Amino acid sequence: MKKFVLFDIDFTLFDVQTFKDSNLKEYSVYKEVMQVLDETSKIAMLGIFSKGETEFQKTKLEKTGMAKFFKNEHMHIFVDKEANLTKIMDKYKDYKIFFIDDRLDLLYSAKKHLPEVFTIWVKRGWFAENQEPIVGFKADAEVENLSEVVRIVQLN
Amino acid sequence: MQAVILAAGESSRFYPFNDLPKAMVKIMGKTILEYTLDSLKNSGIKKLIFAVTKDNQIKNLLGDGSKFGLNIKYVVQPSPTGMGDALLLAEKYLEDDFFLLHAHHVDFYKFQKILEDKKKENSDIVLLAKKITDPLCLKKMGVLKIEGEKVVEVVEKPAAGTEPSDLGVIGIYLLNKTFVENLKKSPKDHYNFEKSISGFAKKANVRFAVTDIENVSLKYPWDILSLKDHLFKDLKKYIASSAGVSSSAQIQGEVYIDDGAKIMEHATIKGPCFIGKNAYVGNNAILRGGVDLEENSVIGANMEFKNTLMMENSKVHSGFIGDSVIGRNCRIGAGFNTANVRLDRTTVKVEVKGEKIDTGLRDLGMMVGEGTHIGIKSSSMPGKIIGRKATIGSNTSVAKNVADNTTYYTKFQEVVTRK
């Protein structure tokens, strides 16, 4: 089965804190991100599933050089990400989906809707710091950064 | 180049917000001090010497400066004994030429070149000055007496009609070690720094550089609003992905909504406006004219906020608050209203240390110290200061300043008669 990796943007790929500290001038990714995208793109198809205003989020992808890893038809950016979650999961249900996000509640919703989804929780940023445990749910993998993602996608 | 930064003053005129060093007040989620540090870094100045008070909250924030890419040393002024004393304490760390400034000079980088250029004109030390047209302002400042390009004397707070010029000293200086040697010989008093400049001018080349760049002072509590507006000029629209903004809320202009903030249904936010981390704006609330809500602050439903800064962890329910500064951990009940404009439309005067100060502002509400609680359906008259940890009873109109740890309320009498 072909593999499809869906990445969130903020706190997963994009370094929000550096952006804020620079008064919204410095667009940067976490240090491991470019290598991880490069290596993952050789073993799976890549997509974006993110919350926000489309133009603003796409600007982040372009200014950081990440846009080259994602085809336009696989970029899914919504003001209301939760409301579109099942639609996106269904779109890729014929693939082995790896869903990578800093929001545990979204990973939980995805798993409930499509149990085959492999969920990876990126534990950095505001959501991870403020996340209460979800009873009866644990992500399939929990990572502090994306370095392990290539190995996880390879092995699962 | 080094900079000596003054942060040990008593700031008594800054009451009720002088429980912390005034540069520790947060605007747009960052202390004023951090803006100043950014400014110094942009100027290439990385060696800093801070004059701080004993409790040293600044040292707790900044440490040795390494996490900010700076090298910071501290000297402790056990009591607020003036700029000269601070400089003498810092002497052991001084190398040669250095800048001297207050911790709230967030725009230092704009003035650096003006001072350095003047220094190159065979000057020993350089004072930054500004042309002041308002005589009311001049009588509160150090004013330069000059001869041609040279400073002859600094006259502190000259009486009206005796001003030696219209050049008021702004607290940024380019000094050298020779000046500090001279300062050592001055008699010890609170104004020995200013007097020493006048003495030094007799034997050295003391110059002045005039600037017309806006320079926001931070002397009185209402000055926080001017500094907020000044920093708001750089505010850009940003809504954190972790913020929850109702689809029926209206966000207009440059509005920054930080992580975890919640904007409820039908709220209207007009920029410039900053909504801090985990802050909450209730249903139908309207924020306009430059509002800054710091971290964890709450505005209840149907509240109107205009040109106001509310510090961390404070909560207000409903009513109108305009042109005001609310300290940390305050609670303000439902139906509270500030009067922010006098009925006669003249400028608002505020009582500070027993003296009526004309703020020059037509619009000014209240200034509330940390930890104060205000009951429902109360109000405040323009320019009133409510101290720290005060309690204002319900249905009370605050018509005069309220001291710290005071309960202030209007006494009602119940009248029940048989018809």
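Two strands are taken to pair if DSSP finds at least two bridges between them. Helices (H or I, at least four residues) and strands (E, at least two) are DSSP runs, numbered from the N terminus.

With that settled, here is the structure. This is a predicted model, where local features need pLDDT of at least 70 and side-chain atom pairs count only at pLDDT 80 or more, while totals for chains, interfaces and linings use all residues. Residues are numbered from 1 along each chain as its sequence is written, and chains are lettered from A and ligands numbered from 1 in the order in which they are written.

I start with chain A. What does chain A hold in helices and strands? There are seven helices and six strands. Read from the N terminus, the order of elements in chain A is β-α-α-β-α-β-α-β-α-β-α-β-α. The radius of gyration of chain A, taken over C-alpha atoms, is 14 Å, close to the 15 Å that the globule rule (2.2 Å times the number of residues to the power 0.38) gives for 156 residues, so chain A is as compact as a globular protein of that length. Its C-alpha trace spans about 40 × 35 × 30 Å along the principal axes.

In chain A, 38% of the 156 residues count as buried, meaning that 20 or more other C-beta atoms, placed from the backbone, lie within 10 Å of the residue's own. Two residues are in contact if their C-beta atoms, placed from the backbone, lie within 7 Å. Of the contacts in chain A with a separation of 6 or more, 65% are between residues 24 or more positions apart.

Now chain B. Its strands E13-E16-E19-E22-E25-E28-E33-E36-E38, in that order, form an open sheet of nine with parallel pairing. Strands E13 (244–245) and E38 (407–408) of chain B are at the edges with a single partner strand each, so one side of each has no neighbour in the sheet. At the E38 end, strand E36 (residues 391–392) of chain B is joined to E38(B) by two bridges, in parallel. Within that pair, Ile392(B) has Tyr408(B) as its bridge partner.

Elsewhere in chain B, strand E23 (residues 303–306) runs parallel to strand E26 (residues 319–322), with four bridges between them. Here Phe305(B) is opposite Ile321(B). E26(B) also pairs with strand E29 (residues 336–338) of chain B, in the parallel sense, over two bridges. In that pairing Gly319(B) faces Phe336(B) of E29(B).

Last, the two chains together. How many residues of chain B are in contact with chain A? Seven, and they meet eight residues of chain A.

Key
A residue is buried if 20 or more other C-beta atoms lie within 10 Å of its own, exposed if 12 or fewer, and partly exposed in between; C-beta atoms are placed from the backbone.
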